[in-house]
Amino acid sequence: MKNTASIITLAVLSLFVGFFFGERSNIQQNEDVIHCGYNQDSLKDTYTNWINKALIKADKRAEQHPVKVVDVQGVMEYNTIPELMKVKLYEDFKGSKVCQASLLVNYAPDAEKEVLEEITVRFQKIATAPSEEGIISSNIISSGYDVKEMTEQAVELFKKHYANKK
């Protein structure tokens with residue numbers, strides 16, 4: 001009897017904790033500012049430019065078929081700096097943040113129907129030291145390895161959608 005009461009109490013507690021955290025996770029965030037302190041439109045514009053430059057370098061057809069980042073989802077901040085073969089991919093600047101996100105990229109932005117694909121990226125937000133005028137700018141950088149990974153994903157998807165086009 002004592003074991004049954006303990007099991008029931010544990011089950012009720014588990015349901016309460018699961019419900020509480022489940023409800024908390026559905027809180028809406030500000031649509032203009034995403035995790036890691038970025039303006040979503042700025043991040044979309046930056047990656048649209050980066051991806052298009054990488055595609056043109058890999059395939060000249062991309063000049064006639066530019067892509068567009070339409071959304072940034074699942075932005076997560078890393079607790080530690082990511083490493084590759086025990087080499088840190090990013091500098092550990094004070095106040096910087098290394099983040100990962102999923103980009104929804106439209107491979108047919110001029111067509112009536114969107115052709116959305118997901119590309120995973122990593123980037124670092126850094127703030128520069130104040131200029132003589134006292135202006136502090138915020139920049140995003142990506143490691144060479146992460147740019148290579150982004151490019152490979154983008155080119156593979158481009159070839160998938162434009163295999164038959166000139």
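Visitor: Why is Lys44 counted as buried?

Guide: Buried denotes under 20% relative accessible area, exposed over 50%, and partly exposed the range in between (1.4 Å probe, protein chains only). The relative accessibility of Lys44 is 17%, so Lys44 counts as buried. This is a predicted model, in which local features need pLDDT of at least 70 and side-chain atom pairs count only at pLDDT 80 or more, while totals for chains, interfaces and linings use all residues. Residues are numbered from 1 along each chain as its sequence is written, and side-chain values use heavy atoms, with hydrogens and water left out.

Visitor: What makes the contact of Lys44 and Asp41 a salt bridge?

Guide: The term requires a side-chain nitrogen of Lys or Arg within 4 Å of a carboxyl oxygen of Asp or Glu. The N to O distance between the side chains of Lys44 and Asp41 is 3.5 Å, and the pair therefore qualifies under that criterion. Asp41, at a relative accessible area of 44%, is partly exposed. The structure holds five salt bridges.

Visitor: Why are Lys44 and Asp41 separated by about one helical turn?

Guide: They are three residues apart in helix 2 (residues 40-58), which means a separation of about one helical turn. Helices (H or I, at least four residues) and strands (E, at least two) are DSSP runs, numbered from the N terminus.

Visitor: How do you know that the span of helix 2 agrees with expectation?

Guide: The expected span is 1.5 Å times one less than the number of residues. The 19 residues of helix 2 should therefore span 27 Å, and its end C-alpha atoms are 27 Å apart.

Visitor: On which side of helix 2 do the buried residues lie, and how is that known?

Guide: Gln40, Leu43, Lys44, Tyr47, Thr48, Ile51, Asn52, Ala54 and Leu55 are buried in helix 2. Their arc around the axis is only 165 degrees, so they lie on the same side of helix 2; the arc is taken from the directions from the helix axis to the C-beta atoms. The face turned away from the buried side carries the exposed residues Asp45, Lys53 and Lys57.

Visitor: What makes Lys160 and Glu117 a link between distant parts of the chain?

Guide: Their side chains meet in a salt bridge at 2.9 Å, N to O. Lys160 lies in helix 3 (residues 144-161) and Glu117 in strand 7 (residues 116-127), 43 residues apart. Lys160 counts as exposed because its relative accessibility is 54%, whereas Glu117 is buried at 15%.

Visitor: Why are the buried residues of helix 3 said to line one face?

Guide: The buried residues of helix 3 are Asp146, Met150, Thr151, Ala154, Val155, Leu157 and Phe158. Viewed down the axis, they fall within an arc of 165 degrees, and therefore line one face of helix 3. Glu156 and Lys160 are exposed residues on the face turned away from that buried side.

Visitor: How far apart in helix 3 are Lys148 and Glu152?

Guide: They are four residues apart, which means about one helical turn. Their side chains meet in a salt bridge at 3.1 Å, N to O. Lys148 is partly exposed at 43% relative accessibility, and Glu152 is partly exposed at 40%.

Visitor: Why is Leu84 called partly exposed?

Guide: Its relative accessible area is 33%, so Leu84 is partly exposed. Leu84 is found in strand 4 (residues 83-84).
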